Amino acid sequence: MVYVENGERGYCIDRYEASAGPDCPNIEPKNQFETRANIADPKCGPVAKEGRAPWVNAPFPDALALCMKAGKRLPTNKEWYRASIGTPDRVDPDDRTLCSLGRVGETSADETGSHVSCKSSSGVYDMVGNVWEWVSSAYKRYPYDAKDGREDLNDATVDRVYRGGIHNYIDFG
């Protein structure tokens, strides 16, 4: 984990993307069924370590459950953004030190922390590219206001924000 200073009170965020732990029945879950089997297994928990396959195929409720199993929580949109500042986002599919972006045709994400130049100013890896990352916040207009309901995790009717991008897609947005 790394500590991120935000001018108010800081917070901690994992240095690497979450992965299935070594005691999980599905080390690299390939679908929601395998993710849910991992969640149901009391010996299985997520880990955030370098050199592991990042967890994919986890819808928002499953991402919340995985965080709870680890004694953690999803970051807010504001926290995620703050932790991502300074991450380079140059696209060059042939440079394996850069963030994993624009690798059209590749079918799997790269191991966590494997792109040495894809690190934020806070020391968090893979904030750009590789896999999409859920945050707790609901889609709402800016400016960000944590008191406007966007952080109400009991509201299952709202769309949630995901960040970071994915390894095999380029958004020219």
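Q: Is Asp148 buried, partly exposed or exposed, and what makes it so?
A: This is a predicted model. Asp148 has a relative accessible area of 29%. Buried means under 20% and exposed over 50%, so Asp148 is partly exposed.

Q: What makes Arg150 and Asp148 a salt bridge?
A: Their side chains meet at 2.6 Å, N to O. The cut-off is within 4 Å, so the pair counts as a salt bridge. Arg150 has 2% relative accessibility, which is under 20%, so Arg150 counts as buried.

Q: How many salt bridges does this rule give?
A: The count comes to 4. One of them joins the side chains of Asp14 and Lys72 at 2.7 Å, N to O.

Q: Why does the pair of Asp14 and Lys72 tie together parts that are apart in sequence?
A: Asp14 lies in the loop between β2 and β3, and Lys72 in the loop between α2 and α3, so the parts that the pair ties together are 58 residues apart in sequence.

Q: Why is Glu79 called buried?
A: Its relative accessible area is 13%, and buried means under 20%, so Glu79 is buried. The side chain of Glu79 meets that of Arg73 in a salt bridge of 2.9 Å, N to O.

Q: Why are α1 and α2 called roughly parallel?
A: Helix α1 (residues 32-40) and helix α2 (residues 60-69) pack at an angle of about 30 degrees. Angles under 35 degrees count as roughly parallel, so α1 and α2 are roughly parallel to each other.

How values were computed. Residues numbered from 1 in each chain as written. Predicted model: local features only at pLDDT ≥ 70, side-chain atom pairs only at ≥ 80, totals over all residues. Heavy atoms only, no water. Axes fitted to C-alpha atoms, helices over the stretch in contact; angles between N-to-C directions. Helix = DSSP H or I, 4+ residues; strand = E, 2+ residues; numbered from the N terminus. Parallel < 35°, antiparallel > 145°, perpendicular 65-115°, else oblique. Buried < 20%, exposed > 50% of the residue type's maximum accessible area, 1.4 Å probe, protein only.
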